[in-house]
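Morning, everyone. I have one model to walk through, and I will keep it short. Here it is on the screen.

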Amino acid sequence: MKEVILVKYGEMALKGLNKGSFEDVLFKNIKYRLRPLGQFAYSGAQSTIYVEPLDDSINLDEVISRLQKVFGIATLCRACVCEKDFDDIRTKALTYLEEAFETASSFKVEAKRADKSFPMKSPDICRELGGALAEAFPDVCVDVHNPDVTVMVDIRDTHAYVYAGKIRGAGGLPLGTSGKAMLLLSGGIDSPVAGYMMAKRGIRVSAIHFVSPPYTSDRARLKVEQLCEKMTDYCGDMHFYCVPFTEIQEQLKRRCPEEFFTILMRRMMMLIAQEIAKKEEALALITGESVGQVASQTIQAMVCTDAVCKCPVFRPCIGMDKTEIIEIARKINTFDISIQPYEDCCTVFTPRHPKIRPQLEAIEAAQEKGHFEEMIERAVAGTECKTFRVGQ
Amino acid sequence: MPIYLDNAATTKPAPAVIEAITEALSRHYGNPSSLHRMGLEAQLMVDDARKTIAGALGTEKDCILFTSGATESSNLALRSAAAVYGRRKKHIITSAVEHASVRSTIDALEQQGYTVTRVKPDENGVFQAKDFLDAVTPDTFLVSVMLAENETGRILPVQKLFRMLQKKYPDIIRHCDVVQAFMKLPVSVSDLPADLLSMSAHKIHGPKGCGALYIRKGIRMQSIVTGGKQEKGIRPGTEASPLIAGFGAAVKLMQPTIAERYAYVSELRALLLEKLGELPYITLNSDPEGSPYIVNFSVKGIRSEIMLHFLEDEGIYVSSGSACSKGVQSGVLGAYNIPDAQADCALRVSFSEETTAAEIDALIAAIEKGQATLIHKK
């Protein structure tokens, strides 16, 4: 029996004249994501993309699991392809639905007739197929309010499709339809979540990480690389930039007041990230900050860090509690990597009493004394780039 | 060439060990339990290693059981002792500085309802045999104390304690983790009257994944995994014959030179202590009376991990003394009343007979360089 996957768009379907370009990107993203699994035929019609495996050995569960991580998809249906003929629909449905009915105790049938030339009306299809199913599976009764299985019959242009239930997609907009941004990836729990959330809005994400050997270890860097690799599940191919930060941190520690250390460090990171972003043609920065979580994440501190930023800084976690962030981190499988206990460059020199409400003037004066310009240039020049590809 | 000073973590396999393992893998790959000749060959190879290790402990080969390492040996020893001898009696005595393999196993037994006394050192950081003896109650069935402690190299008075226990409370089971002492200090079952001893191959230039448990004759055992009849049914599962052959080869190589190596490593330690003594920012965490193979010290104001990575860049490999991560310490240094700030900066240097005086000079030079250039904690 031939099976296809029906990919239905979410809010993309609401786009006006630009809809076509969104569709093109989604098509490309789906193809790229499924390519390693084998050959597929793709076609699109009526806000749905049909993905048809051309090889019997293709594992459709794996296909679904990959598609569930592709942004721009609202729902996914795994459907059986039927001729536009009710006898064929009934025969195939009885066999195709056997597995779904094995564990169910109630069902209902819903029909949608996009092709109005089909001789039966939707209520007729429901009644006839419902009757046939009730007869074939006497242990499963009809329940139109709260069924275990909802059988869908879609009558479309060329074929009819029968499926049991929808699978939720990742939502959002197709990757790449909203430009590119640079994520400051620390190794903690929040930043991968922030990257994921912006990718969901169609932004292609590149990551930047700061290392301070010997104050941070190879293991800490490896951990962040693992995070980046894991993020590609949702974010697609990612560039990973690794910035040598030791010299700047040592200078900060030597020359600047201890209480300003974290804020000044954040400003340095922003300055460097913007330089790399320029090269990468990324138009914004992304951080995992959440108001009040730590001393450097107060509004006053953000005023001081953003003062060096010429581009927008996206902080999608800004209004979230740690527990909410952790929930997403678990969903995208980054949590277990994030909690590996390696020191990162944010924590090595943490001051005992950081300034919680810093004044911009004082911070700027402190930064003057450090003469960081050349060091920043050196850090940018010494930055290494790696690419993590999806499905590697 | 890297300067490897982390021999308490693991050692470089000796050429003879690699040869024995390769030989076993490529030629004697039969299953020791198979009835045919190839099986017999493998069995004889395992028996030969068993005899070697038994000989090194001054006991018979029947008393040696092979495991996957010291962690399994200690798990088997303690859990079996609890199952067989801890039915009516429920009290266990141990030290406050045991390796995680013993510490966590005893913690698990405590969760199951056993009561545990964890004896601490006296105010000078020295363990007294009498303190352990005083902890004995009519309910005590098991005493587990390590011989050479792995973080600072302190020697616990196990020999004295076990002799006293043997005389006064012969029914109490005596287990000792001798991982850091076996083939490094003289250990024999006549001097150290233990019922159970845990050993590891990879601390003595043998392979990882192989260990042994000495079981005194007459001690009843209960397996912790179920399976076939291998190792008298106490440790089912096909023997790791190639690794066991490697373990045997390591003991064969090391046993004749225990005294010689001890003397050599003692000189190295004296040299290191002398040089460290000249650096005002160094505090010693080890006991000069302890195992000469391990020296633990703190570099004031520089956290262990940072100095460790700095030294690594200089090609020198040591261990962070207390293996602390993000403020979580093993608690061993704390047990000796070493303050947290000092424990945070602890480094462990551990020698082998391949360590040279020149390497110690290089270590000292690198520490001086690190101290001068690294940012200090205030």
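One caution before we start. This is a predicted model.

Chain A, then. It has 392 residues, and 42% of them count as buried. Count the secondary structure and you get 14 helices and 15 strands. The C-alpha atoms of chain A fill a box of roughly 85 × 35 × 35 Å along the principal axes.

Now the contacts within chain A. Take those between residues at least 6 apart in sequence. Of these, 81% join residues at least 24 apart.

How is chain A divided? Domain 1 covers 3-171, and domain 2 covers 180-388. Their C-alpha centres lie 43 Å apart. Five residues of domain 1 of chain A are in contact with six residues of domain 2 of chain A. On the domain 1 side, that is two nonpolar, two polar and one charged.

Next, the cysteine. Look at A:Cys309. Where does A:Cys309 lie? In the loop between helix H10 (299-306) and strand E14 (313-314) of chain A. Is A:Cys309 buried, exposed or partly exposed? A:Cys309 has 16 other C-beta atoms within 10 Å. Buried needs 20 or more, and exposed needs 12 or fewer. So A:Cys309 is partly exposed.

What does A:Cys309 touch? Leave aside its neighbours within four places in sequence. Then A:Cys309 is in contact with A:Met270, A:Gln274 and A:Leu285. As for A:Gly391, it sits 82 residues along the chain from A:Cys309, and their C-alpha atoms are separated by 34 Å.

On to chain B. Its domain 1 comes in two pieces, 3-11 and 258-373, while domain 2 runs 15-256. The C-alpha centres of these two domains of chain B lie 27 Å apart.

Last, the contact between chains. Chain A gives nine residues, and chain B gives eight. What classes do the chain A residues fall into? Five are nonpolar, one is polar and three are charged.

That is the tour. Questions, please.

How values were computed: Residues are numbered from 1 along each chain as its sequence is written. Chains are lettered from A and ligands numbered from 1 in the order in which they are written. This is a predicted model: local features need pLDDT of at least 70, side-chain atom pairs count only at pLDDT 80 or more; totals for chains, interfaces and linings use all residues. Two residues are in contact if their C-beta atoms, placed from the backbone, lie within 7 Å. Ala, Val, Leu, Ile, Met, Phe, Trp, Tyr, Cys and Pro count as nonpolar, Asp, Glu, Lys and Arg as charged, and the others, Gly among them, as polar. Domain bounds come from an automatic or database domain assignment. Helices (H or I, at least four residues) and strands (E, at least two) are DSSP runs, numbered from the N terminus.
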